[in-house]
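User: I would like to learn how to read helix faces and nonpolar cores in a model. Please take me through an example.

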Amino acid sequence: MRRILILHALLGTGHLSAARALDAAFARFPGVEAHVEDSLDFINPALSSLWKKGYKELSEHAAGLYSQVYRAADTDDAQRAMAENLRGATRGWPFFQKLEHYVAELAPAAIIAVMPVPLALMSQLKTEGRLACPLYGVVTDFLAHSVWAVPHVTRYFVPSRTTAAMLAWQGLDPATLTVTGIPINPAIAEPKQADKLRWQHKLPLDRPLVTIFGGGVDPATIAFIAARLVEQEVPLTLVICAGRNERLLDALAGIEGNATVGLQKLGMIDYVDDLVTTSDLVISKPGGLITSEVLARGTPMITICPLPGQEEPNADFVTLSGAGISLRVPELVPITALHLLESPALLSRMRANAQAVGKPRAALTIAEQVLDDLDVI
């Protein structure tokens with residue numbers, strides 16, 4: 001039985017989603033046992049909680065400061081970045097002794113890190129000769145920050161050729177850069193019938209469907225967009241998914257649909273992919289995972305409210321690919337959405353462009369490559 005250790009750090013949900021996607025992919029191969037672990041679970045619980053809370057507060061409520069920190073820590077010199085990242089890992093190892101013991105006990109055939117923190121920690125172990133198995137990094141945004149640059153990585157799995165080109169330009173060995181896309185649930189590679197999904201979720205078949213994923217967006221922004229859309233006389237169905245954002249559902253309390261514009265307000269759901277598949281248009285923050293999922297289904301996007309730093313390039317990638325539009329001004333969102341719905345030829349081109357750059361098999365491709373590498377070793 002080959003054991004594959006998949007490490008993430010639960011700072012936001014994207015890295016966990018990528019890890020779970022890889023877990024599901026490896027489950028399709030006989031004789032392989034994947035283990036998904038949060039590297040922050042191996043440190044003092046109080047410190048882990050403080051780290052996660054600090055990241056959440058900084059990214060959600062101090063976006064300007066977060067952007068400054070993010071950009072200040074970035075460099076276009078891979079060798080310099082490697083040295084700095086290893087120094088950071090060396091300083092951090094006293095807090096991660098339990099993780100080293102766990103890795104030694106598990107004795108994995110390979111380790112895959114979907115977040116820079118565990119990647120740097122494992123790289124440090126390899127630098128000191130305390131880890132022999134291959135190490136892989138999975139970049140989960142379309143622009144790789146230099147914090148990903150560490151030595152002794154067998155391969156980096158990257159979202160696009162653009163990502164690979166930028167990393168090579170910064171000094172990483174092009175031979176280590178494999179373009180796969182960001183790993184998403186392998187089930188997204190399987191076709192679904194849009195009409196059947198609409199019937200299943202009680203969504204009208206005779207009008208366009210716009211889905212807004214607003215879990216990480218300021219509730220006032222989503223409420224504004226929703227209020228403007230339900231005021232229109234254009235027939236459409238609007239679905240708003242709040243996820244864990246309970247404040248968003250409160251903000252939407254006074255907004256209702258009408259005979260022309262139907263409105264569904266949803267909390268936590270387990271059928272995000274169904275909505276993406278059957279939607280004519282998705283409006284969302286450009287997180288790496290949700291962006292990859294929408295592109296994989298070939299659904300046009302309007303990206304809004306990107307997190308300064310890693311999400312801004314994701315939005316740019318969508319626009320550059322012709323698969324959607326990036327908007328930074330909320331007032332433009334409902335106007336643009338209606339314009340797109342009234343322009344079927346434009347929506348059709350966006351859908352084709354999304355299908356061209358989407359990577360629905362990314363997780364399976366990564367699993368296949370890792371197992372092929374292990375067969376050679």
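Predicted model: local features only at pLDDT ≥ 70, side-chain atom pairs only at ≥ 80, totals over all residues.

User: Which residues of helix H7 are buried?

Analyst: Buried means under 20% relative accessible area, exposed over 50%, and partly exposed in between (1.4 Å probe, protein chains only). Helices are DSSP runs of H or I, at least four residues, numbered from the N terminus. In H7, residues 161–170, the buried ones are Thr163, Ala164, Leu167 and Gln170. They fall within an arc of 125 degrees seen down the axis, so they line one face of the helix; the arc is that of the directions from the helix axis to the C-beta atoms. Exposed Arg161 and Trp169 sit on the face turned away from the buried side.

User: What follows H7?

Analyst: Gly171 does, with a positive phi near 120 degrees.

User: Which residues touch the most other members of the largest nonpolar core?

Analyst: In soluble globular proteins, nonpolar side chains tend to be buried together. A nonpolar core is a set of buried Ala, Val, Leu, Ile, Met, Phe, Trp, Tyr and Cys residues joined through side-chain atoms within 4.5 Å. Here the largest has 47 residues, and Ile4, Phe26, Ile112 and Val370 touch the most other members. Helix H16 (residues 362–376) supplies the largest share, seven residues. A second, separate core of 38 residues includes Ala164 and Leu121.

How values were computed. Residues numbered from 1 in each chain as written. Heavy atoms only, no water. Helix = DSSP H or I, 4+ residues; strand = E, 2+ residues; numbered from the N terminus.
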